[in-house]
Amino acid sequence: MRKLTYFIGATLDGFIADRDGNVDFFPVGEDVLAHLVAEYPETIPAHVAPHVGVAPDAEFRHFDTVVMGRATYEPGLRAGFADPYSHLRTYVVTGSITESPDPGVTLVAGDPVAKVRELKAEPTGKGIWLAGGARLAGSLMGEIDELVIKTYPILIGTGIPMLSGGFDVTAFTRTGGTVLAGGMSIATYVRT
């Protein structure tokens, strides 16, 4: 069975964006880009990939599918990137966007849990990347098999939390991690 991985960047105080959804305060230095290019090249947006050294024939080791909420998807859409991860199968969970702006983007208006279960049950394929946001991650907590948390060495005090909504206490076991030169740490956890 394929697994769902919540791969997300967060502040030390657990926020993935400020109150307005902005993420431009995250310090993404050369060390962070180099690590992402080497370890998670599929998480680099398609329009950025060639500029940071992701080869067109790069091997994507972790994911072949991305699932995100409308609030995570819309900033790229407003910037003119209707399919920001065109190298992955893209699903956007939304009740407000009624027509896909790109043939490569599948809109999910119904139950996201049912859609993720359907994707996880596919007989072949790589992992499924849950790209955000907080409400979607909270609603999918029961389906998240792995967490990969990029923790940036900053505090913002308030904003959008990593997860929101009502879900049961869920235990995870740390399976790996690293600290980059600029201070960002990456930790991997699997559901216990």
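Is R2 buried or exposed at 5% relative accessibility? Some notes on that and on the rest of the fold.

1. Ground rules. This is a predicted model, where local features need pLDDT of at least 70, side-chain atom pairs count only at pLDDT 80 or more, and totals for chains, interfaces and linings use all residues. Numbering starts from 1 along each chain as its sequence is written, and side-chain values use heavy atoms, with hydrogens and water left out.

2. R2 first. At 5% relative accessibility, R2 counts as buried, the cut-offs being under 20% relative accessible area for buried, over 50% for exposed and partly exposed in between (1.4 Å probe, protein chains only). R2 sits in the segment before β1 (4-11); strands here are DSSP E runs of at least two residues, helices are H or I runs of at least four, and both are numbered from the N terminus.

3. What R2 touches. Its side chain makes a polar contact with the side chain of E122 at 2.5 Å. That term covers a pair of N or O atoms within 3.5 Å; within protein, one must be able to donate a hydrogen and the other to accept it, and residues adjacent in sequence count only if both atoms are side-chain atoms. A polar atom of the R2 side chain also lies 2.6 Å from the backbone oxygen of K126. Leaving aside neighbours within four places in sequence, R2 is in contact (heavy atoms within 4.5 Å) with residues including D64, R89, L119, T124, I128 and D145.

4. The main core. The largest nonpolar core has 25 residues, and F7, V66, M68, Y73 and W129 have the most contacts inside it. Such a core is a set of buried Ala, Val, Leu, Ile, Met, Phe, Trp, Tyr and Cys residues joined through side-chain atoms within 4.5 Å. At least two residues each come from α1 (30-39), β3 (63-69), β6 (127-132) and β7 (144-152), with β3 giving the most, three.

5. Setting aside neighbours within four places in sequence, Y73 is in contact with M68, A82, P84, V92, I97, P101 and V105. A second, separate core of 24 residues includes Y6, V113, L147 and I149.

6. Overall picture. The protein chain has four helices and 10 strands, running β-β-α-β-α-β-β-α-β-α-β-β-β-β from the N terminus. Its C-alpha atoms fill a box of roughly 40 × 40 × 35 Å along the principal axes. Of the 192 residues, 42% count as buried. Among contacts between residues at least 6 apart in sequence, 69% join residues at least 24 apart.
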